[in-house]
Amino acid sequence: MGPLYPSHALEKFCASLDQSEKDSLQEFRNHLGNPAVDDVVLIRFLRARRHNIQKSAKMFLESKQTMEELCHNSLLETFEPEKSALKYYPLTYFGIDNDGCPIVHEAIGSVDAHGLMRCACTEDLLRRKMLDSAIGMKLLELRTRVTGDIHKELTVIFDLEGLSHRHMHRAFVNLFTSMTSMFESNYPESLHRLFILNPPFIFPAAFAIVKPFLNEATRNKFIILGSNKQTNYKVLCKYIDPKWIPQRYGGTVPDDAAGLKIFEGPVPVTDLMDSKLILSGCLKLEASKRQPIHHSVDISSGSCLTFWINVNGQMTMSLTSPDGKDLLSSRTVDCSLGAQRYRFICREPGTYMIHLSIPARSWTSTKIVELKVIVDSNPSANRAATVLHNWIKQHEPEHEQQLLDHIPNISQQSWIEIPVEAPKLAQNIDDSSQKVVLQDKHSVQVEYESIHTKLIEGLLRTPLVHVRTPV
């Protein structure tokens, strides 16, 4: 739920708190039953809910459940995003601002909204966002180990160049809303400063509507710039050393060197998901409102359970452990743009159950569901290690050997340049001999309005379908 800070930095941070916050922190820790998280994490949740113990506890516990569902503790070591999710949604870490905060670059305006939703699954894109958030938290830890002071905030450069009506694609708007809410709900009080570059002409009017609802502290974190590179560069130089400003924003650092490999134009047809190829050899199961599907899967310890679902319209899905505990809580699976994929790291051996049912509001009483289940006995990934190692070489070369011990334990040979080309997602399904398709064992809150959600809602002038997140 946050960086693994060294003990000496934690002691220094706690000593800097005033007495009222120390008392509030102790009360909060006692209320939660002394969880195995450091005080910086707890302070984040307390400050996010203005030190209201009950509301902070609700937010913390809901975040804890979300982290468990996403297998957050092993995300850096086991989750490798599809190449399409990386190539067509540009997000990178480059630079350190004058306050010592790592800088995140997110070029939302260049995204082909419709193409993105057809070349990668919604769940993959959400997990990719959570992986990048986890990488950001790891960078805060690395900065802390170098300076000896707690670093707990990120600076974001949010590039809206190209944002237009083509981003009004409903699925994409809901994805972006979910991404933003996921970050704010699980990493509260992590934003140091937000630069908004190249806003469209309707942005000032949209922001004027939102501004009265933001408190002064939050408003002070927003710096809204225009589309003039020279002007933007001068303002950015007040907060960021010029050596960390890419050419895209008027600086001298080549965009490629900064990791800003932004794909312009629509997603090629060749990179779109091919559901028929993905679901080759799948099970075809019938579900009715009276008889949902309960599909059992025998798992050995330490295996990654991956399953694809395809149906005409929507289904309700959940995953339970051998002892009946919810691992993936009940959620709606929307296959209108293609098959959807879910994954979970199974720590305990036993029989896991995939539950599929027709939503109550559906007018259809029966549906045919395509289900493909894959088990990977040795899940591993190198995306996080590659990003972290490259960041260290660029930003902290003199401390490289010291910091390498704190990168996820992936062999050094995996620290290679991430390929730019994105092969068909469908081709990535059956290329591992360690993956086995299982045989059929069919056995018959209050909505939290995030700042970014309001901004995008104003920009697109369309109501959003909100996800349920903590308050």
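Two strands count as paired if DSSP finds at least two bridges between them, and strands themselves are DSSP runs (E, at least two residues), just as helices are runs of H or I with at least four, all numbered from the N terminus. With that in hand, let's walk through this predicted model, in which local features need pLDDT of at least 70, side-chain atom pairs count only at pLDDT 80 or more, and totals for chains, interfaces and linings use all residues. Residues are numbered from 1 along each chain as its sequence is written, and side-chain values use heavy atoms, with hydrogens and water left out.

Asp298 has Thr351 in β12 as its bridge partner. Put together, these strands belong to an open, antiparallel sheet of four, ordered β7-β12-β9-β10. Because β7 (293-299) and β10 (326-334) each have a single partner strand, they stand at the edges, and one side of each is left without a neighbour in the sheet. On average, neighbouring strands of this sheet are turned by 20° against each other, direction ignored; axes are lines fitted to C-alpha atoms (for helices, over the stretch in contact), and angles run from 0 to 180 degrees between N-to-C directions. As a reminder, strands of a sheet pair through backbone hydrogen bonds, either parallel or antiparallel.

Five strands form an open sheet with mixed pairing, in the order β1-β2-β3-β4-β5. Its edge strands are β1 (91-96) and β5 (222-224), each of which pairs on one side only. Inside this sheet, β3 (residues 154-159) and β4 (residues 191-197) pair in the parallel sense over six bridges, and Ile157 has Phe195 in β4 as its bridge partner. Helix α14 (residues 383-395) lies across β1 and β2 (102-106), running at about 25° to β1.

Now for the helices. Helix α9 (residues 170-186) has 17 residues and reaches 24 Å from its first C-alpha to its last, close to the 24 Å expected; the expected span is 1.5 Å times one less than the number of residues. Of those 17 residues, 14 are buried, so α9 is mostly covered, where buried means under 20% relative accessible area, exposed over 50%, and partly exposed in between (1.4 Å probe, protein chains only).

Leaving aside residues up to four places away in sequence, Arg127 touches Glu69, Leu70, Leu75, Phe79, Leu328 and Arg343, contact being heavy atoms within 4.5 Å.

What does Arg128 form with Asp132? The two make a salt bridge, with their closest N and O atoms 2.3 Å apart; the term means a side-chain nitrogen of Lys or Arg within 4 Å of a carboxyl oxygen of Asp or Glu. Both residues lie in helix α8, four residues apart, about one turn of the helix, and both are buried. An α-helix has 3.6 residues a turn, so residues three or four places apart point the same way.

Lys58 is partly exposed, with a relative accessible area of 36%.

Glu21 and Arg47 also form a salt bridge, at 2.8 Å between the closest N and O atoms. This one links distant parts of the chain, from Glu21 in helix α2 (residues 19-31) to Arg47 in helix α3 (residues 39-48), 26 residues apart. Glu21 counts as buried at 10% relative accessibility, while Arg47, at 28%, counts as partly exposed. Elsewhere, salt bridges link Glu82, Asp124 and Arg341 in a network. Searching the whole structure gives 18 salt bridges.
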